Amino acid sequence: MNTAFTLAVESPRQPAVRALIDELDAYQIPLYPIESHHGIDIEALCAPEVHFLVARDAAGTPQACGAVLIAAVDGEPAGELKRMYVRPALRGQGLGRLILQTLEQHARQQGARRLLLETGCRQPEALGLYERAGFVRIGPFGAYAEDPLSVFMMKELD
């Protein structure tokens, strides 16, 4: 990966970070009907149980983000990945993997036993990233319902 990127916990309320999240929404909205959108909004990303990371390039422009929500899921401490996004021009350079590894480390430090996620079946880059990182497909978890366009995944944490 290009080492010109910095990764830090930041507020998603910043205009440039909001623009990145808006870009993620603009990418996903045409892929799925509204009932299959499970992203969380800016205010939910600001909750104390959410660890929100931003990757910035050498010029300080946000280029990728991701979050982990730490909570009990089905009775066990877990981390749920949310709002993972890397701008298309930067995919394949290891930025998503770096964000994922950092979020996984945070989840472990918070006592999570599993890392969970929901993503869409029409996002092959995301599915590939998660599969390469050791995630396996599972059924719906927590408050999620079965959705033919959703892919639910889990990784056991040491």
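Which residues of helix 4 (residues 124–132) are buried? They are Ala126, Leu127, Gly128, Leu129 and Tyr130, where buried means under 20% relative accessible area, exposed means over 50%, and partly exposed lies in between (1.4 Å probe, protein chains only). The structure is a predicted model, in which local features need pLDDT of at least 70 and side-chain atom pairs count only at pLDDT 80 or more, while totals for chains, interfaces and linings use all residues. Residues are numbered from 1 along each chain as its sequence is written, and side-chain values use heavy atoms, with hydrogens and water left out.

**Overall architecture**

- The protein contains four helices and seven strands; helices (H or I, at least four residues) and strands (E, at least two) are DSSP runs, numbered from the N terminus.
- Along the sequence, these elements follow the pattern β-α-α-β-β-β-α-β-α-β-β.
- The radius of gyration of the protein is 15 Å, which agrees with the value near 15 Å for a compact globule of 158 residues; this radius is taken over C-alpha atoms, and the globule rule is 2.2 Å times the number of residues to the power 0.38.
- Taken along the principal axes, the C-alpha atoms fill a box of roughly 40 × 35 × 30 Å.

**Burial, contacts and surface**

- Of the 158 residues in the protein, 49% are buried.
- Contacts (heavy atoms within 4.5 Å) between residues at least 6 apart in sequence join residues at least 24 apart in 65% of cases.
- The protein exposes about 7,800 Å², of which carbon and sulfur atoms supply 53%; accessible areas come from the Shrake-Rupley method with a 1.4 Å probe, and for residues only the protein chains shown count as cover.
- There are 15 positive and 20 negative side chains, and the centres of the two sets lie 4 Å apart. Lys and Arg count as positive and Asp and Glu as negative, whereas His and the chain ends are not counted. The place of a charge is taken as NZ of Lys, CZ of Arg, CG of Asp or CD of Glu.

- Strand 2 (residues 50–56) and strand 3 pair in the antiparallel sense over seven bridges; two strands pair if DSSP finds at least two bridges between them.
- Val50 has Leu69 of strand 3 as its bridge partner.
- Five residues separate strand 2 from strand 3 in their hairpin, and Gly60 in the turn has a positive phi of about 90°.
- Strand 3 (residues 62–73) is largely enclosed by the rest of the structure, because nine of its 12 residues are buried.
- Strand 3 also pairs with strand 4 in the antiparallel sense, over nine bridges, and Ala71 has Ala78 of strand 4 as its bridge partner.

**Helix 4 and strands 5, 6 and 7**

- The buried residues of helix 4 pack against strand 4 (76–86), helix 3 (95–109), strand 5 (114–120), strand 6 (136–138) and strand 7 (150–156).
- Strand 7 is mostly covered, with six of its seven residues buried.
- Strand 5 and strand 7 run antiparallel and are joined by seven bridges; Leu115 stands opposite Lys155 in strand 7.
- Strand 6 and strand 7 likewise run antiparallel, joined by three bridges, and Ile138 has Phe152 of strand 7 as its bridge partner.
- Thr119, in strand 5, counts as buried at 8% relative accessibility. Leaving aside neighbours within four places in sequence, Thr119 is in contact with Ala126, Leu127, Tyr130, Leu149, Ser150 and Val151.

**Val17 in helix 1**

- Val17 lies in helix 1 (residues 15–28) and is buried, with a relative accessible area of 0%.
- Val17 and Thr61 are 44 residues apart in sequence, and their C-alpha atoms are 8.7 Å apart in space.
- Beyond neighbours within four places in sequence, the contacts of Val17 are Glu10, Ser11, Pro12, Phe52, Val54, Arg56 and Pro62.

- Most residues other than glycine have a negative phi.
- Asp74 is not a glycine, yet has a positive phi of about 50°. Asp74 is placed in the loop between strand 3 and strand 4, a hairpin with two residues between the strands, and counts as exposed at 54% relative accessibility.
- Arg83 is not a glycine either, and has a positive phi of about 55°. Arg83 is in strand 4 and is buried, with a relative accessible area of 11%.
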